[in-house]
Amino acid sequence: MTRHIRHAAAFCALLLLALLANAARVQVVQAGSYNDNPANRRPDIARYRQPRGNILIGDRPVTGSRDTGGRLRHERTYPEGPLYAPVTGYSSQRYGTTLLEHTEDGVLSGTDPLLTPLPLFTDVTRARNPGGDVVTTLNQAAQQAAYQGLGGRKGAVAAIEPATGRILALVSAPSYDPSELSGNGPATARAWARLTGDPDKPMLNRAVRQTYPPGSTFKVVTAAAALDAGVVRDVDAPTGSPAPYTLPGTRTRLANEAEGCEDAPLRVAFQWSCNTVFAKLGVDVGVDDMVSTAQAFGFNDPDLRIPFSVARSTFDTSVDRAQLALSSIGQYNTRATPLQMAMVAAAVANGGQLRTPYLVERRLRANGATVSTAGSRPARQVMRPATAARLRQLMRDVVREGTGTNAAIRGATVGGKTGTAQHGLGNAGTPYAWFVSWAQSHTALQAEVAVAVVVEDASGNRGEITGGGMAAPIARAVMEAVLNS
Amino acid sequence: MTKVGTPLAAPDAPAPTARLPRRRGVELALILVALLLSVYGYCAVGIARSGTLPPGAAGYGAGLGVLALLAHLAVRLRAPYADPLLLPIGVLLNGLGLVLIYRLDLETPEDRAAPTQLVWSTLGVGLFIVVVAALRDHRILQRYAYVCVVGALALLTMPIFFPAVNGARIWIRIAGFSIQPGEFAKVLLAVFFAAYLAANRNALAYTGRTVWRFTRLQLPTGRVLGPILAIWLLSVGVLVLERDLGTSLLFFGLFVILLYVATGRTGWIAVGLLLAVLGAVAVGRLEPHVHSRVEDWLHPFATIEAGQGPNQLAQSLFAFAAGGILGTGLGLGHSVLIGFATKSDFILATAGEELGLAGLSAIFLLYGLLVERGYRAGLDLRDPFGRLLAVGLASIWALQVFVIAGGVTGLIPLTGMAMPFLAQGGSSVVTNWAIVALLIRVSHSARRQYDGQAVL
């Protein structure tokens with residue numbers, strides 16, 4: 001009997017071993033895949049257990065957190081949701097994160113290893129760092145001025161500090177309140193369905209994710225190319241361009257809205273936005289130089305991150321001469337985001353040097369200690385400094401006595417360029433009103449702000465939808481806000 | 001561990017004078033360690049959840065301490081040679097179970113189970129003291145074999161006359177307490193099996209016909225096999241009617257192990273396996289809910305893929321995985337996501353998540369040690385009934401732990417059953433304390449016989 005008791009004991013030992021081996025399988029070997037199973041709610045519970053860090057302007061938070069007491073405990077709040085939505089994006093328990101909430105999620109949710117003072121210790125104790133804060137480069141007054149300026153009309157504003165690339169304002173209208181998407185209940189689902197189904201696309205970030213035909217504002221780029229390539233040596237010399245201008249190789253005749261464009265010198269043509277002159281200049285410069293100048297400004301770059309990605313602005317590289325003529329006045333396949341056009345103005349204002357734009361100034365631990373700063377951004381010489389100086393003069397003239405007088409600010413030098421972009425089949429769509437500009441107060445050493453405004457509102461009278469009429473006042477309000485702060 | 005060596009090793013020596021150490025001091029020290037661990041766990045939950053010591057920590061520790069010390073006194077007075085590990089392990093597992101249930105109560109404030117469980121634990125320890133004090137010799141039980149089996153069958157049949165709870169007819173409700181009579185029936189059946197097999201083991205072992213000439217496989221005769229098979233079939237039939245498959249699996253395993261130990265015939269294993277296969281096929285065919293358990297076991301994430309969210313087994317696996325090696329710490333896991341039966345059948349998931357593989361392995365090893373002490377007592381005894389009883393009682397624990405722990409960790413199909421001492425369930429706690437008491441008695445007899453005067 002003793003022998004058989006031992007056999008039975010050995011059987012029990014076998015059962016014990018099977019349990020131990022299986023426990024190791026579940027808790028160690030398979031643990032990773034179980035933990036990552038999308039149906040496992042633990043990561044979400046841990047994520048929302050603590051309040052999320054905030055997105056700040058200076059030291060003022062534009063986001064908040066609400067303790068719901070539920071299983072997913074803390075929910076995001078946005079006290080001024082629609083105003084900052086194109087910067088913050090949303091942080092939803094149901095629909096994930098976008099924009100800064102997405103790219104800065106590691107810091108905000110506390111998982112970023114940068115936040116951990118003692119990495120190994122934290123691994124063992126499984127403690128989660130409190131969420132850190134993200135300080136943006138935004139200028140609150142400029143952001144508000146831009147939002148109020150658009151006043152709910154469809155459009156967008158982007159403003160940059162030319163010397164650094166700091167983004168001062170990023171506004172898209174119509175906007176939405178990301179607070180509505182924070183939770184995971186049926187109300188959130190309804191808000192999502194409503195916002196995504198809205199024909200006005202309130203969740204589209206028009207400032208960085210939408211491209212528009214830049215129209216006449218693109219003439220800044222064409223002028224820079226013509227001056228840099230030596231096609232134009234004297235801005236006051238006649239350019240020998242006919243009006244109307246027959247597109248090379250076609251019978252299509254290009255006309256002007258303004259008078260006196262025939263054989264106009266560059267200064268006059270820029271001031272009154274002569275299509276014929278710039279179309280011919282583009283053709284004279286040639287595809288290669290036009291493309292390289294446009295790309296130096298940032299066109300055709302799919303990789304721009306601010307830190308969220310910016311839609312690619314385009315300048316077609318394989319065009320015939322007629323298409324090149326149209327491309328050079330911001331038509332055909334030329335398209336730009338408002339941020340891209342702000343970069344164009346910024347490069348001119350900054351002596352031909354373009355700083356990559358960015359939105360995040362600093363990242364902080366919950367206790368306020370800085371864990372990383374933006375540092376100095378890479379700069380790129382877009383055009384010769386002499387070219388930039390002449391372009392500044394041309395843009396100043398536009399505001400002083402050309403199409404952009406609505407943007408003039410007392411006590412500051414302002415340069416700008418208007419644009420009215422045709423689009424749609426046979427140019428049937430309501431044109432977009434553009435204005436790009438920069439401003440430097442008389443006491444400052446360098447330009448303090450560069451802005452691009454686009455208004456795509458259909459409600460206006462067709463004759464009034466011009467860059468100078470609709471977009472320039474908004475640009476002026478934004479520039480004044482920056483100069484005054 | 002066996003103290004066989006002292007008297008047997010030196011036949012030429014003068015009459016043995018060395019007294020066998022009784023080890024009651026060791027037992028007391030281990031009980032104190034078990035109490036400290038339990039109170040520590042209780043405090044850890046409070047600190048993790050609210051940052052302060054839980055209000056009842058002292059009372060909880062004192063209550064558990066008084067119970068454990070009374071049990072220890074009973075052993076010291078009435079069973080001084082008893083194995084010193086059995087009682088401390090029982091106290092530790094019971095204490096840990098109370099901590100886990102208390103911890104889960106925090107997630108369900110409207111449904112508190114820990115106070116009730118403490119009352120049942122008190123009753124269990126009370127029964128332990130009664131058995132240790134009143135049962136002078138375990139061999140007395142042999143006389144009551146048929147009383148036991150009648151009692152067991154009565155207990156098993158009783159719930160059929162009460163309404164089903166959660167689809168299983170295994171509970172009866174009296175005065176707000178729900179009792180699971182099948183739990184008590186386990187012990188009675190083990191006593192009956194041990195007594196019957198001890199009386200008939202020669203007949204069972206040496207008669208019968210050889211099936212294959214060149215092997216030792218030999219089937220028993222129908223005359224001896226008859227009664228025991230009938231009782232087994234009856235109990236399993238009752239259980240299938242009550243839809244409690246875990247217990248029916250347990251009875252079957254217990255039956256096969258005891259038959260094998262009593263007779264040493266591999267033929268019994270063959271018969272057992274054959275019956276198991278037949279039973280499994282039949283039950284699988286007739287019972288749709290068994291079939292679905294097997295499907296769940298094979299594809300634990302099928303409901304997720306079907307878009308219905310994770311089922312209980314998937315949630316249980318998630319909980320174990322979340323624990324990893326060191327666990328999240330008591331009070332910091334989310335095993336409550338399992339939903340229904342978190343405190344009873346799935347209590348181990350909470351241990352796995354919050355104590356990790358380290359804590360879970362420790363718990364398994366504690367059960368292993370408990371079973372080993374039972375088998376050790378069986379090996380040390382001389383009388384066949386005592387040996388079979390010890391082996392049977394220890395095997396109940398081994399099988400029960402394997403069936404439920406294997407079920408919730410995805411090793412075998414899940415069948416509802418209580419984790420001994422840990423899980424919420426009054427009948428189970430009382431029964432387990434009764435088993436400890438019986439093993440204490442048996443081990444006392446086993447070791448006393450070597451203390452000079454009793455044997456040789």
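**Briefing: chains A and B of a predicted model**

Pro174(A) sits in the loop that runs between β9 (167-173) and α9 (186-197) of chain A; helices (H or I, at least four residues) and strands (E, at least two) are DSSP runs, numbered from the N terminus. The model is predicted: local features need pLDDT of at least 70, side-chain atom pairs count only at pLDDT 80 or more, and totals for chains, interfaces and linings use all residues. Residues are numbered from 1 along each chain as its sequence is written, and chains are lettered from A and ligands numbered from 1 in the order in which they are written.

**Backbone geometry**
- The peptide bond from Ala173(A) to Pro174(A) is cis, with omega near 0°.
- A cis bond also joins Ile306(A) to Pro307(A), with omega near 10°; Pro307(A) belongs to the loop between α14 (287-297) and α15 (321-328) of chain A.
- Asp263(A), a residue other than glycine, has a positive phi, near 60°, and its loop lies between β11 (253-254) and α12 (266-271) of chain A.
- Asp263(A) has 15 other C-beta atoms within 10 Å and is therefore partly exposed (20 or more count as buried, 12 or fewer as exposed, in between as partly exposed, with C-beta atoms placed from the backbone).
- In chain B, phi of Ala341(B) is positive, near 70°; Ala341(B) is in the loop between α14 and α15 and is partly exposed, with 17 other C-beta atoms within 10 Å.

**Chain B overall**
- Chain B has 17 helices and four strands, and 51% of its 456 residues count as buried.
- Of its contacts (C-beta atoms, placed from the backbone, within 7 Å) with a separation of 6 or more, 72% are between residues 24 or more positions apart.

**Contact between the chains**
- Chain B gives 41 residues to the contact and chain A gives 29 residues.
- On the side of chain B, α10 (245-263), α14 (312-323), α15 (347-380) and α16 (384-408) each give two or more residues, and α15(B) has the largest share, eleven residues.

- Beyond four places in sequence, Ala194(B) is in contact with residues including Leu258(B), Phe385(B) and Gly392(B).
- Ala198(B), in helix α8 (residues 181-206) of chain B, counts as buried because it has 21 C-beta neighbours inside 10 Å.
- Leaving aside neighbours within four places in sequence, Ala198(B) is in contact with Pro384(B), Phe385(B) and Leu388(B).

Terms used. Contact = placed C-beta atoms within 7 Å.
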